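Try each task before you read its solution.

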Amino acid sequence: MTAPKLALTEGDLSTTAADAVVVGTLQGADGLELAPGAEAVAAAFDGALLDVLGTLRASGKADELVKVPTFGKIAAPLVLAVGLGKTAGEEQVRRASGVAARALAGKKRAINTLAALHVGAAAEGTLLGAYSFTEYKSDKGEGAVVKVDLHAAGSKENKAALKAAVAIAESVAIARDFINTPPNDLYPASFAARAEKLATAAGLDVEILDEKALKKQGFGGILGVGVGSTRQPRLVRISYKGAKAVKKVALVGKGITFDTGGISIKPAAGMDEMTSDMSGAAAIVATMVLAAKLKYPLEIIASIPMAENMPSGDAYRPGDVLTMYGGKTVEVLNTDAEGRLILSDAIVRACEDGPDYLIETATLTGAQVVALGKRTSGVMGSDEFRDRVAAIGTAVGESAWPMPLPEELRADLDSRLADLANVTGHRWGGMLAAGLFLREFVAEGVQWAHIDIAGPAFHTGGPYGYTSKGGTGVPVRTIAAVLADIAANG
């Protein structure tokens, strides 16, 4: 997909040639209101724009879209009025800009007045809302709007906000593209090759461990999960070091390119969605590319395990004991709890680099969706850092909620054969038990946060805001904001 070109502009809205002008509407205390930035358009309508919108039953609620022909009152033939809801914060601007961008498909040029409220949010929303994945379609559709002018001052601050927003949105699109690529084309070796190409183009250092290297170095979790597939596993290591690095951060993302559940096979219904089980890895690859673009003053090293979980004569079985990287042993009670096995290997390897912080993300548990729904990630880990990550994620529009790691559940992971089992013997607190399992592999003294994105990573319904159907790119923006916060505050 070709993304829209964005530019800041302060031109006269009434005379600037465009296919459409985007304005915001609000649910005010006394009824429908126009958001700041729409003054020139309202003036061209001689104050009647609100009356026209009211006649068309506009309410200003979030994600609402009302089209108004201008009849020559301004140069653009169409006004798109998009609802912000009751407030005009960054996330509301982001969502409304996404709604507008989707409606502008096929247009050559549009003007977005929501940038007067927040340039970065308007830019992000526009680019993410315009996203579509058409690589496998014969009919590519109308395509995204070619150019969007963001109606805001060309100040140094706004230029910087626009540059950062474009880089962030481009990285989210990278993650979405990975997730939306079908598993017959995206498997461990091809995923690793694509990641290497992106990373090296961004000037990053890359190391790829194939199945022979994994065996030699003792990555029993990754090998155990991946052995059942003819497409063998990989571990991708990507490194970035910014100038005057203030902290070292480790990133880990789950890369199960397809998950059948293995011998503990999943039900057929909905199994096609398991093409998204590598969303955590996609987010980490995209974030590393973003780090190089934004030049964070950090040292960041990503460890990304990739495997395909398949049933076969060679597949690992319930009852097997795996020796993980670092020496701990795990009794496998359920082969569909495979993500934590490959992540544990990667976490131990990541901790060998001596990071100050470890951020890890995965489509880890169906229990996350049961507990928090499809749009809110569960965050577990070190209490202080967990809360910090959850708060930052919610602030950038990727809803997140801090979850506990109850000590009473840890005993349920005890194994009669090994150091621990990969699941408990019951269904209670499944997300929390998975977090407790991962904690066993985090080195002492490392501030750690796990982001469970089982629901938020993949959207199965119709588009809303700036979110399209399919891969969402969550939590790229959360991790990017956390990295920026660490760079600024340690």
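**Exercise 1.** Which residues does Lys266 touch, not counting residues up to four places away in sequence?

*Solution.* Before starting, note that this is a predicted model, where local features need pLDDT of at least 70, side-chain atom pairs count only at pLDDT 80 or more, and totals for chains, interfaces and linings use all residues. Residues are numbered from 1 along each chain as its sequence is written, and side-chain values use heavy atoms, with hydrogens and water left out.

Step 1: list its contacts, meaning heavy atoms within 4.5 Å. Lys266 touches Asp259, Thr260, Gly261, Met271, Met274 and Asp336.

**Exercise 2.** Is Arg340 buried or exposed?

*Solution.* Step 1: locate Arg340 in helix H10 (residues 339–351).

Step 1: apply the cut-offs: buried is under 20% relative accessible area, exposed over 50%, and partly exposed in between (1.4 Å probe, protein chains only). Arg340 has 8% relative accessibility, so it counts as buried.

Step 2: look at the surroundings. Arg340 touches Leu364, Thr365, Asn422, Val423, Ala434, Phe437 and Leu438, leaving aside residues up to four places away in sequence.

**Exercise 3.** Where does UniProt place the feature "active site"?

*Solution.* The unreviewed UniProt entry places this feature at Lys266 and Arg340; such annotations may be inferred rather than shown by experiment, and the positions follow the numbering used here, with feature names shortened.

Definitions and conventions: Helices (H or I, at least four residues) and strands (E, at least two) are DSSP runs, numbered from the N terminus.
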